[in-house]
Amino acid sequence: MPSLKDLRNRIASVKATQKITKAMQMVAAAKLRRAQAAAEAARPYAERMETVLANLASGVTGSSAPRLISGTGSDKVHLLVVCTAERGLCGAFNSSIARLARDKANALKAENKTVKIICVGKKGYDILKRQFEKDILEVIDLRAFKQVGYVNAEGIAQNILARFAAGEFDVATLFFSKFKSVISQIPTAQRIIPAEIPTDAPKTDAVYDYEPDESEILETLLPRNLTVQVLRAILENAASEQGARMSAMDSATRNAGEMIKKQTQLYNRSRQAMITKELIEIISGAEAL
Amino acid sequence: MATFKFELVSPERILFSGDVVSVIIPSTEGEMTVLAGHAPLVATLKAGIVFVQTTDQNGKEFFVNGGLVEVNHGATTILAEQGRFLEDVNAAVLDQEILTAETKLAGSHDEDEQKRLHDTLVQLREFKHVFEQRKAA
């Protein structure tokens with residue numbers, strides 16, 4: 001049976017924890033609003049880009065197509081770009097992305113393919129390094145940037161492109177969490193090289209003039225498309241992270257509240273028991289006289 | 001006057017969306033004006049000013065740096081790599097852009113990329129010159 005002092009201490013510490021989780025929840029809620037707005041503002045650009053790209057790509061096929069669309073012709077070496085958060089305490093957010101990446105890596109390895117990994121965000125690295133320490137090429141840390149933007153995405157995309165140009169891999173897949181709602185984030189894998197051209201994009205049968213010519217536009221457009229995909233992943237991730245943290249902290253706060261209630265009840269009960277015991281002792285002492 | 005739908009989108013947000021009478025676009029092949037009923041066209045952009053003539057007689061100006069324009073029957077879209085309101089542009093912003101382009105050029109080893117970055121740099125310098133002249137006038 002814990003003493004009264006123990007119980008008091010325990011209640012005080014749970015209360016302190018509850019204050020922290022409550023504060024974190026509110027901070028996450030405020031950040032979520034901004035992250036969500038940023039993710040939504042970036043959507044139109046990505047969508048338009050897809051449409052234009054689909055239109056262009058349908059015109060350029062066969063051997064004339066750039067390698068970013070047609071691929072290298074083999075699929076021996078896979079690059080997994082795993083985007084996670086820099087911080088923990090956000091429920092299953094990081095682990096679910098890492099799990100998806102790990103399953104994919106294991107499946108590829110079972111097929112005797114080489115797997116290389118780039119981690120964007122420290123948490124994914126922390127999880128994946130246990131199993132794939134040797135396969136991780138690089139860890140990109142975005143912690144220093146308060147608001148990640150186009151510049152960061154461009155840096156990552158350039159990095160990937162340089163590796164592709166150097167022939168380090170054949171297929172690249174991007175892992176991130178799609179923001180659906182505050183309580184639902186979907187870990188997603190998206191192939192970025194060779195580019196996935198959406199076939200269901202609204203096609204226009206108009207015949208376009210190209211200035212400069214088609215292949216040249218496509219050549220400048222494809223690297224940019226990669227940047228946009230990376231940017232989208234990062235922004236969706238940021239919103240998902242805050243959403244996951246918000247709901248995780250909400251349930252943590254609720255759990256702490258429940259615990260305080262139980263402990264307080266226990267505390268009061270043992271306090272009463274103590275008083276009763278003392279009274280009995282006094283009365284029986286007086287009776288013995 | 002005949003109008004058409006025009007959108008100016010940067011990776012971060014939509015800068016302009018609405019019905020316009022005409023748009024002047026700085027394409028890599030030269031400046032061009034798009035009116036309603038323009039033939040379908042896809043062109044790349046250089047650093048410069050996009051001038052949008054809206055229906056209410058007032059023009060709006062934006063600074064863009066690189067990107068793509070898609071002219072379609074009924075709708076025109078600019079996908080600008082970088083875009084901002086011209087009011088927000090000043091010499092410091094341009095200097096920063098030029099500096100970024102210079103560091104990128106210095107750090108690049110790929111020949112094609114070097115050529116592209118060099119073009120960007122030249123365009124930016126040209127634009128800065130035009131911008132300063134405009135300011136003086």
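This is a predicted model: local features need pLDDT of at least 70, side-chain atom pairs count only at pLDDT 80 or more; totals for chains, interfaces and linings use all residues.
1. A helix is expected to span 1.5 Å times one less than its number of residues. Helix α3(A) covers residues 93–110, which is 18 residues, so its span should be 26 Å; the C-alpha atoms at its ends do lie 26 Å apart, in agreement with the rule.

2. Now for the inward side of this helix. Phe93(A), Asn94(A), Ile97(A), Ala98(A), Ala101(A), Arg102(A) and Ala105(A) are the buried residues to look at in α3(A). Around the axis they take up an arc of only 145°, which means that they sit on the same side of α3(A). The spacing makes sense: an α-helix has 3.6 residues a turn, so residues three or four places apart point the same way.

3. What lies over that buried side? The cover for the buried residues of α3(A) includes the strands β1 (77–83), β2 (114–120), β4 (171–181) and β5 (184–193) of chain A, along with the helices α4 (122–132) and α6 of that chain.

4. Just after the helix, have a look at the backbone of Asn112(A), where phi is positive, at about 65°.

5. On to the interface. Here 24 residues of chain A are in contact with 23 residues of chain B. On the chain A side, α1 (4–59), α5 (150–165), β6 (209–211) and α6 (214–288) each supply at least two of the touching residues. Helix α1(A) gives the largest share, seven residues. By type, the chain A side has 17 nonpolar, three polar and four charged residues.

6. One detail of the interface deserves a visit of its own. Strand β6(A) pairs with strand β4 of chain B, residues 41–45, in the parallel sense over three bridges. Within β4(B), Leu41(B) is the residue that stands opposite Asp209(A).

7. Finally, chain B as a whole. It has two helices and seven strands, and along the sequence they run β-β-β-β-β-β-β-α-α. Its radius of gyration is 15 Å, close to the 14 Å that the globule rule gives for 137 residues, so chain B is as compact as a globular protein of that length. The C-alpha trace of chain B spans about 50 × 35 × 25 Å along its principal axes.

Notes: Residues are numbered from 1 along each chain as its sequence is written. Chains are lettered from A and ligands numbered from 1 in the order in which they are written. Two residues are in contact if their C-beta atoms, placed from the backbone, lie within 7 Å. Helices (H or I, at least four residues) and strands (E, at least two) are DSSP runs, numbered from the N terminus. Ala, Val, Leu, Ile, Met, Phe, Trp, Tyr, Cys and Pro count as nonpolar, Asp, Glu, Lys and Arg as charged, and the others, Gly among them, as polar. Two strands pair if DSSP finds at least two bridges between them. A residue is buried if 20 or more other C-beta atoms lie within 10 Å of its own, exposed if 12 or fewer, and partly exposed in between; C-beta atoms are placed from the backbone. The arc is that of the directions from the helix axis to the C-beta atoms. The radius of gyration is taken over C-alpha atoms; the globule rule is 2.2 Å times the number of residues to the power 0.38.
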